[in-house]
Amino acid sequence: MFSKILIANRGEIALRVLRACRELGIKTVAVHSTADEDAMHVRLADEAVCIGPPAARDSYLNVAAILSAATITGAEAIHPGYGFLSENADFAETVEAHGLTFIGPTAEHIRMMGDKITAKTTMEALGVPLVPGSDGELKSLDEARTVAEQVGYPVLIKATAGGGGRGMKVARDASEIEEAWTVARTEARTVFGNDAVYLEKYLDKPRHIELQILGDNYGNVVHFGERDCSLQRRHQKLLEEAGSPAITPDQRNGIGKTVTEALSKMGYRNAGTLEFLYQDGQFCFIEMNTRLQVEHPVTEMVCDVDLVREQIRLAAGEKLGYTQSDVTFSGHAIECRINAEDPDTFAPCPGTVAVYHAPGGLGVRIDSALYTGYKVPPYYDSMIAKVIVHAPTRDQAIARMHRALDEFVVEGIKTVIPLHRRILADPEFQKGDYTIHWLEQFTARPH
Ligand code: MV4
């Protein structure tokens, strides 16, 4: 096991990793920009190193500064959190080349999944179901036309280097295919420096359901069920739940078996998430994330697992030590992301937190690096807290989240808490009756 880990991140996720390290008896090194001198992760870590000015590219993305910090403090491993360098294969490779351990999958697997065509081709060969579409890269406009006719309009043309909603063009019918092809290719080339594109049938009312997995270095892979992440706006998730209101335990076991067998054959290591579109009872794989995700706590609550502790153990070469039948699911969990944003316009609202009081009580978990007097800097992501509740049933979880948000006091800055309250009170949400388009329609409604 490691004796010292450097946490290459900030905010709530830096604290999340720090807490797992503490419980494992591992010393922590925080890195921070000059804008984060008073940040909670800096205060709580055993050591802290300033790695540059506020702009992320000069600090949290500064590979040389982070590696220097690891070297001078004698850290043996680096946990990247999410965002920043977490899915940068070159970073993972450089960390390992310096004799340190990257807490995550191999650079090879990060690179493979970063290329969406390779990710899909790999998964298909291993028996994971896909959205109907092109067999890999589209070589020509003619091929785009042919495949679109086969799968039926509307279709999407997606950049292989895209993902997370970037680099997609829809063609509603044959008259739009040439434009979609040209625009998608041009954008792919100029934005990502890679003009390879592929085509998929456009699913009009899917849910976004993802599966959490962990693998050790010896071919053992288990899954921890699904998260429903359909409630998003402009590709920013806002509220996630485990399990999905749309999935039965049999469906979970079915797709879980398919996925764990596939990843075991790949030799996949550490944490990973497979993203699916789910429509008409079918799971269609679209992308894989090779990192810990923001919404991992809902899985932790229903499975009673510490995913960050597991990541660290597995990176240190320990075996999983349990099998799929040891993974159990209990109750329902919901996470509300609290962003420092205007709840109607979504404009970021950095500033000083005049009063901070976190909710508590049975089944309530707050992952946040906020404190009274903290100044939310304008340079980074606007997410300042996650409220996670766990209860025996979904209805009870909704009531508990309502109660927790009522207790939550964040004064001095605007937050999206009022929007969460409206969502939780909505009958359609309460029925679990929503797709990826629901939130955008909901926020457009007068209130
Ligand atoms: C799709 C789709 C419909 N059909 N692919 C957007 C983000 C990226 N992960 C994939 N995305 C989509 N791919 C097919 N074939 C609709 C979306 C999509 C979406 C997916 C998940 C969560 C939110 C979304 C919002 C808009 C579009």
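This is a predicted model: local features need pLDDT of at least 70, side-chain atom pairs count only at pLDDT 80 or more; totals for chains, interfaces and linings use all residues.
Residues are numbered from 1 along each chain as its sequence is written, and local features need pLDDT of at least 70. Side-chain values use heavy atoms, with hydrogens and water left out.

**View 1. The cis peptide bond from Tyr153 to Pro154.** Omega of this bond is near -5 degrees. Pro154 sits in the loop between α7 (141-151) and β6 (155-163). Helices (H or I, at least four residues) and strands (E, at least two) are DSSP runs, numbered from the N terminus. Most peptide bonds are trans.

**View 2. The cis peptide bond from Ala242 to Gly243.** Here omega is near -10 degrees. The loop that holds Gly243 lies between β11 (236-242) and α9 (249-266).

**View 3. Phe84, a residue other than glycine with a positive phi.** Its phi is near 40 degrees. Phe84 belongs to the loop between β4 (77-79) and α4 (89-97). With a relative accessible area of 29%, Phe84 is partly exposed; this term covers values between buried (under 20% relative accessible area) and exposed (over 50%), for a 1.4 Å probe and protein chains only. Most residues other than glycine have a negative phi.

**View 4. His235, which has a positive phi although it is not a glycine.** The phi of His235 is about 65 degrees. His235 is placed in the loop between β10 (221-233) and β11. Its relative accessible area is 48%, so His235 counts as partly exposed.
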